[in-house]
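Hi,

Here is the structure I promised to pass on.

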Amino acid sequence: MKNIVLFGPPGAGKGTQAEIIKDSYNLFHISTGDVFRYNIKNNTSLGILAKQYMDKGELVPDEVTIEMLNKVVINNLDSNGFIFDGFPRTTSQAISLDKLMTSNNTNISAMIALEVDDSILISRLIKRGQTSGRADDSNEAIIKNRINEYYKKTAILKEYYQEKDRYFGINGEGQIEEISLRLKQVIDSL
Ligand code: AMP
């Protein structure tokens, strides 16, 4: 199994690239943000809980997110591998993901980070907000809070995967196609 963590701040292009990469390598794409949004749309208890945090640009609590992620992985273990988009976002999520992989006789092959300048992130998210209908994309204060959360709680995961020699950073700026090519070069080298 090839299991890839696609990493980067909000607006780095993880969702866009994950959709391309999943088709090229026949991987199962898990976006925790998409799963939460699906639950919000369907008014489930998970959605109602997650919405309180997402609308403010804060992370949903670990226990809730981890349990949800575990279920999606366990239901799709027959796939060629996973592409994780938006998970893990905290050290405790990363530790639990390792445990989940080990208990299923596999591991995380790589964390690949899309490196993008903050000023580009904000303008990309504001632009996306004009069409995405996402409440958390439509307000600059919420966008800034999401980027803040990333630097406070998530950015540290670079070191977590570097220590395991599993971290790869690529330039996430430029045309979508050229960024995909950079990603594929890393994946092919694994
Ligand atoms: P995203 O679609 O990845 O930009 O995520 C949108 C929002 O969903 C985030 O701002 C968080 O509120 C929530 N979320 C998504 N993934 C996670 C995660 N792994 N841990 C906690 N909250 C998450």
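**What surrounds the ligand**

Helix H2 (residues 32-41) contributes the most to the shell around the ligand, with 4 residues; helices (H or I, at least four residues) and strands (E, at least two) are DSSP runs, numbered from the N terminus. Before you read on: this is a predicted model, where local features need pLDDT of at least 70, side-chain atom pairs count only at pLDDT 80 or more, and totals for chains, interfaces and linings use all residues. Residues are numbered from 1 along each chain as its sequence is written, and side-chain values use heavy atoms, with hydrogens and water left out.

There are 16 residues around the ligand, and Thr32, Arg37, Glu58, Gly86 and Arg89 come nearest (near means a heavy atom within 4 Å). By class, the shell has 5 nonpolar, 5 polar and 6 charged residues; here Ala, Val, Leu, Ile, Met, Phe, Trp, Tyr, Cys and Pro count as nonpolar, Asp, Glu, Lys and Arg as charged, and the others, Gly among them, as polar.

Now the polar contacts (pairs of N or O atoms within 3.5 Å). A backbone N or O atom of glutamate 58 is 2.6 Å from a ligand oxygen, and a polar backbone atom of glycine 86 sits 2.8 Å from a ligand nitrogen. Arginine 134 uses a polar side-chain atom, 3.2 Å from an oxygen of the ligand. The protein covers 96% of the 480 Å² of accessible area that the ligand has on its own (Shrake-Rupley method, 1.4 Å probe).

Elsewhere, the structure holds 14 salt bridges (a side-chain nitrogen of Lys or Arg within 4 Å of a carboxyl oxygen of Asp or Glu). One of them pairs lysine 164 with aspartate 98, their closest N and O atoms being 3.5 Å apart. That pair links distant parts of the chain, 66 residues apart: lysine 164 is in the loop between helix H8 (157-163) and strand E5 (167-171), aspartate 98 in helix H5 (residues 91-103).

Two backbone details: a cis peptide bond joins phenylalanine 87 and proline 88, and asparagine 105 has a positive phi of about 55 degrees although it is not a glycine.

Cheers

Methods. A polar contact is a pair of N or O atoms within 3.5 Å; within protein, one must be able to donate a hydrogen and the other to accept it, and residues adjacent in sequence count only if both atoms are side-chain atoms.
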